[in-house]
Amino acid sequence: MSSIRALTMPKWGIEMQEGMITGWTAAVGQTLAVGDPLLDVETDKIVNAVEAPFAGTLRRIVANAGTAYPVGALLAVLADPTVSEAEVDAFIAGFKPAQTSFEPSGDTVAPVVAVAPTPAPPPAAAAMPSEAPEGEGRVSPIARRLAQKLGIDLSQIKGTGPNGRISKEDVEKAAAAQSGAAPAPAPVATPAPSPAAVPAVLDVPASPAAPANTAGVYRERLTPMRQTIGRRLLASTQSIPHYRLERTVELSALLAYRERLNGQGRVRVSVNDCVLRAVALNLLEHPMVNAHLVGDELLRFASADVAFAVATPTGLLTPVVRSAHALSVAEIATRVRDLAGRARSGKLVREEIEGATFTVSNLGMYGLDRFDAIINPPQVAILAVGAVREAPIVRDGALAVGHVCTLTLSADHRVIDGAAGAGFLATLADRLGQPATL
Amino acid sequence: MSTDTSASPLSTERLLQAYRQMRTIREFEERLHVEIQTGEIPGFTHLYSGQEAIAVGVCEPLGPNDYIVSTHRGHGHCIAKGCDVIGMMKEIYGRADGLCKGKGGSMHIADVTKGMLGANAIVGGGPPIAVGAAIACRNRGDGTVSVAFGGDGSCNQGTVFEAMNLAVVLKVPTIFVYENNGYSEHTGVDYAVGSGDIAGRAAAFGMPAEKVDGTDFHAVHAAMTRALQHARAGHGPYAIEAVATRFYGHFEGDPQLYRAKDEVKRQRESMDCLGNFCRTAANYGIDEDTLDEIDADVLALIDRAVSEARQSPPPADSELTTDVYVAY
Amino acid sequence: MTQKSMRDAINDALHLEMARNPNIIVLGEDVSGGAGGTSGQREASGGIFGVTKGLLPKFGEHRVIDTPISESAIMGAAAGAALAGLRPVAELMFADFVGVSLDQIFNQMAKFRYMFGGRTTCPAVVRLAMGAGMNMGAQHSQTIYPLLTAVPGLKVVIPSNAYDAKGLMLTALRGDDPVMFFEHKALYPRKGEVPDGDYTIPFGEAALVREGEHVTVVALARMVVFAEKAIDGLAKEGITCDLIDPRTTSPLDIDTILESVENTGRLVVIDESPPRCSVAADIAAQVASRGFRSLKAPIEMVTAPHSPVPFARELERAYVPSPQRIEAAIRKVLQE
């Protein structure tokens with residue numbers, strides 16, 4: 001067994017063609033056992049840890065965080081400490097990555113094989129004594145007729161047709177040879193086209209030459225995650241008829257309720273946790289909003305699985321609080337804290353990101369009064385929550401200072417018409433105004 | 001689990017050979033799991049880890065003239081039927097000197113000379129073929145049999161029902177072994193098998209059927225012995241449902257989102273047939289050192305297999321159109 | 001030499017070869033008939049078309065096997081029996097039933113040898129009754145052979161007369177590759193001179209049924225008979241044709257067709273199948289590609305329409321290419 005081992009970009013699943021390194025978790029010089037984490041690789045929206053498939057000392061890292069590499073590419077070298085640097089250098093220089101691409105090789109297209117199937121050469125006689133008649137004495141009926149007409153003795157002819165059969169051309173040649181006359185008109189069998197005659201592989205037009213890095217211009221390729229987010233947002237805005245409804249709610253009662261909860265409980269609860277709970281209960285009362293539109297089918301769900309937005313260094317993620325309607329505000333707060341933390345460190349798994357029935361996006365912490373969000377298909381609506389701010393309100397006919405918050409519902413007009421959307425916000429406002437109902 | 005130390009009808013030698021077979025399958029599959037991630041192995045593989053006691057329990061009492069027909073998860077059956085391990089590894093790597101000259105791969109791995117009539121990429125494709133082989137056995141009159149491996153997935157295919165009925169009607173010696181590992185692709189057996197009773201279905205077709213713990217080599221072997229007695233005597237087909245688990249996904253790369261998070265971890269501890277065998281090995285007069293020696297031996301063999309496979313050349317282009325026919 | 005029907009000629013071949021080779025078994029639905037019946041009579045059918053008559057009494061139940069209606073199991077059993085050293089002849093009562101058994105034919109039987117690296121053979125023969133013209137409706141009248149001609153690993157045999165049928169069947173039974181043997185139902189009763197003894201006809205060898213100078217006509221199965229009618233009529237006007245019966249479409253004797261087209265420069269292909277991806281289309285493409293410079297006129301294809309086989313007599317008559325349509329095509333190709 002070689003004591004220098006290559007660590008390559010792993011193939012996770014039959015379709016994976018490349019992965020982006022998000023960071024190295026092991027360092028050069030570190031001794032690793034089987035299963036120790038080495039680096040994190042991102043594909044689509046998930047980041048997975050690559051574990052050491054064999055034991056050894058990490059001697060060299062040759063791949064960079066922030067870059068994507070094809071499956072099979074060399075990422076690092078593990079070896080015994082006794083192996084010299086020069087040997088590691090030589091190993092790296094001589095390394096050949098596995099060819100895992102599904103694309104055809106870049107060579108020019110091979111000549112087209114003749115249309116008729118190539119007959120398999122008859123196996124060695126010892127193999128299977130076939131009892132079907134073999135090629136000896138076989139003549140094409142056209143050749144036989146021609147031979148008869150020309151008075152040619154077939155037994156004198158060696159056949160060059162399929163399986164050694166005597167062909168018309170063979171008879172013509174024999175006749176010409178016999179009579180010494182010019183050979184019969186050349187047969188018109190089309191020869192296999194020469195490689196030059198075959199159209200070269202179509203050149204895919206190169207993208208317009210991108211400017212090299214110049215002063216003032218910094219080029220950075222979008223990560224797979226960003227690309228995916230981008231594609232989905234574009235699809236959403238292009239295909240869903242968004243419209244927006246806004247409602248400002250007065251949250252003094254809710255804030256007092258939250259104070260009480262935080263005073264007595266061990267769990268710290270935020271305004272947004274209360275909003276999530278209110279939204280979840282609301283969704284059960286407005287089943288058209290707790291739904292997915294798939295093609296021309298509307299799927300309504302019995303459970304309110306509410307996603308909430310988390311800003312991470314690499315992009316916006318929306319982890320899901322499953323069955324939020326069945327969780328108390330405190331339980332929601334616990335779930336949110338856990339999910340948000342893992343979202344920021346890139347440790348969410350797919351079932352924690354997929355399958356939400358509704359999304360709540362809260363940018364209040366950034367001081368925005370109001371904003372509107374883009375729906376995540378196949379969901380049919382999304383709620384944007386602004387900051388809670390002091391503002392003048394009218395209470396019992398007099399001016400007072402209230403704590404207001406503007407909610408903006410973006411809804412899919414194909415499924416939720418104005419009245420339904422407004423109704424949803426009305427119920428939500430009521431709930432938030434009566435926190436005892438949460 | 002039997003604690004009667006005189007219980008096994010197998011000699012120590014046969015027991016050790018059975019253990020060696022199971023260990024070979026386990027290490028073969030575990031190593032493949034690692035090597036697949038290098039990208040050097042093309043296409044689909046379906047790993048058998050967790051089900052070794054079934055393949056070996058069923059194949060141990062078979063002779064060289066008995067036949068088996070396998071499934072897409074066929075490495076275990078292939079090894080248990082005595083196929084060349086290195087040739088298998090080369091085939092899975094798609095090399096010219098693989099068991100099938102690199103033309104079949106993991107899902108079509110076969111050695112007809114050893115009575116292994118092929119892994120089959122078509123779910124349910126095997127049992128009718130096994131019944132045909134059993135017709136040949138019956139006509140020869142030499143007491144040989146065929147085994148049709150299947151799973152909780154294939155047991156819902158029409159072809160499997162047809163095969164069972166045909167075997168009963170013609171009274172041919174096919175032993176239907178259903179490996180119930182709990183999942184057919186990404187769907188659980190509790191959902192997919194309507195009656196919830198695979199052995200019961202086979203019985204309903206008119207053959208004796210029993211259900212055993214597929215993680216207990218001795219239990220599987222005993223059931224197979226009963227099945228062989230029945231089939232070799234010309235009484236017709238028999239069915240065994242063996243319940244186990246698969247440690248890996250349906251195919252390599254399957255993220256297994258349909259399994260609870262720590263299910264595999266728990267099952268590797270509680271449902272490991274090799275662990276089960278080792279735990280009771282002392283009852284059969286086998287000590288740990290002997291088993292450890294076998295383990296080391298097997299690991300060396302697998303190492304050699306991978307190393308040789310990686311160095312073998314791929315098939316030449318000229319092989320593309322050979323072996324389509326005997327003569328054309 | 002006697003006058004025998006095509007069904008009896010095939011029956012002849014089976015009797016002859018089963019006596020010679022104990023590994024041959026026959027299986028299918030009612031290949032004998034009467035199993036489990038109350039009359040006490042076994043061999044109540046000898047096959048629904050009588051092709052397997054007399055085999056059970058002679059060779060016994062282990063070699064002549066009546067099966068339940070389970071095409072997948074029957075075809076799969078044939079595949080497995082062949083791997084295990086027997087030479088099964090399995091019957092698909094109607095070629096249309098290939099649908100319920102296709103996997104065992106095109107994924108299993110056809111591919112064993114290749115997938116297993118050439119280390120095994122699968123000498124199974126599948127007999128299929130095909131063709132329209134007898135009012136049997138859309139699901140009992142198709143040709144099906146175009147689908148299977150396209151499958152690498154299978155051989156496809158399509159006799160047009162009793163003499164060829166016996167010789168081709170004997171070749172099929174002695175070869176080591178899987179063979180799909182198509183028997184046109186309307187040809188079963190047609191008689192011809194058939195030797196009583198042993199003879200074989202190789203695959204991949206077309207028969208030159210009529211000889212002429214002006215047009216090359218290629219036809220399969222029952223279309224050979226119709227083409228003969230059309231050609232014999234035209235001969236009276238001095239128009240003569242080479243009529244080529246390929247007899248097997250895989251392997252296909254394309255060379256004989258090309259040689260004839262070199263002489264005539266005009267080609268008419270007749271196929272009872274619907275036009276898309278038919279054997280007519282396949283032959284036309286091969287000739288257009290390899291024999292382009294010999295052609296003096298576009299190739300004429302005479303096929304059934306792109307529709308299922310209709311039931312009403314008049315419609316079915318319009319569906320099947322007729323001698324009149326064949327004659328018209330030959331005339332057309334001469335006009336260019």
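Predicted model: local features only at pLDDT ≥ 70, side-chain atom pairs only at ≥ 80, totals over all residues.
How many salt bridges are counted between chain B and chain C? The count is zero.

1. **Chain B as a whole.** Chain B has 328 residues, and 61% of them count as buried. Its secondary structure comes to 12 helices and seven strands. Take the contacts in chain B between residues at least 6 apart in sequence: 74% of them join residues at least 24 apart. The chain exposes about 11900 Å².

2. **Where B meets C.** On the B side, 40 residues are in contact with 43 residues of chain C. The size of an interface is often given as the accessible area lost when the parts come together. Here the area buried between chain B and chain C is about 3300 Å². Carbon and sulfur atoms give 62% of it. Three residues, B:Glu162, B:Tyr325 and B:Val326, supply 17% of the area that chain B buries against chain C.

3. Two elements of chain B give two or more residues to the side that touches chain C: helix H5 (126-140) and helix H6 (158-170). H5(B) gives the largest share, nine residues. By class, this side has 22 nonpolar, 11 polar and seven charged residues.

4. **Salt bridges elsewhere.** Side chains of opposite charge can pair when their charged atoms come close. A search of the whole structure finds 63 salt bridges over all chains. One of them joins the side chains of B:Glu40 and B:Arg310, at 2.8 Å from N to O. B:Glu40 lies in the loop between helix H1 (12-36) and helix H2 (52-59) of chain B, and B:Arg310 lies in helix H12 (residues 288-311), so this pair ties together parts that are 270 residues apart in sequence. Both partners are partly exposed: B:Glu40 has 23% relative accessibility, and B:Arg310 has 44%.

5. **A buried pair in chain B.** The side chains of B:Arg259 and B:Glu263 also meet in a salt bridge, again 2.8 Å from N to O. Are these two residues buried or exposed? B:Arg259 is buried, with a relative accessible area of 7%. B:Glu263 is buried too, at 13%.

6. In chain C, C:Glu300 forms a salt bridge with C:Lys332, and their closest N and O atoms are 3.0 Å apart. C:Glu300 lies in strand S14 (residues 300-303) and C:Lys332 in helix H12 (residues 323-335) of chain C, so the pair ties together parts that are 32 residues apart in sequence. C:Glu300 counts as buried at 17% relative accessibility, whereas C:Lys332 is partly exposed at 41%. In chain A, a network of salt bridges links A:Arg59, A:Arg60, A:Glu85 and A:Asp89.

7. B:Gln21 lies in helix H1 of chain B. At 17% relative accessibility, B:Gln21 counts as buried, because the cut-off is under 20%. Leaving out residues up to four places away in sequence, B:Gln21 touches B:Val56, B:Ile79 and B:Ala80. B:Ser184 lies in strand S4 (residues 183-184). B:Ser184 is buried as well, with a relative accessible area of 19%. With neighbours within four places set aside, B:Ser184 is in contact with B:Asp152, B:Gly153 and B:Ala192.

8. **A loop residue to look at.** Where is B:Ala96 found? B:Ala96 is in the loop between helix H4 (85-92) and H5 of chain B. B:Ala96 counts as partly exposed, at 30% relative accessibility. B:Ala96 and B:Pro313 are 217 residues apart along the chain, yet their C-alpha atoms are separated by 6.0 Å. Not counting residues up to four places away in sequence, B:Ala96 touches B:Lys101, B:Pro313, B:Pro314 and B:Pro315.

Conventions. Residues numbered from 1 in each chain as written. Chains lettered and ligands numbered in written order. Heavy atoms only, no water. Helix = DSSP H or I, 4+ residues; strand = E, 2+ residues; numbered from the N terminus. Buried < 20%, exposed > 50% of the residue type's maximum accessible area, 1.4 Å probe, protein only. Contact = heavy atoms within 4.5 Å. Areas by Shrake-Rupley, 256 points an atom, 1.4 Å probe, with all protein chains shown as cover. Buried area = accessible area lost by both parts, 1.4 Å probe. Salt bridge = Lys/Arg side-chain N within 4 Å of Asp/Glu carboxyl O. Nonpolar A, V, L, I, M, F, W, Y, C, P; charged D, E, K, R; others polar.
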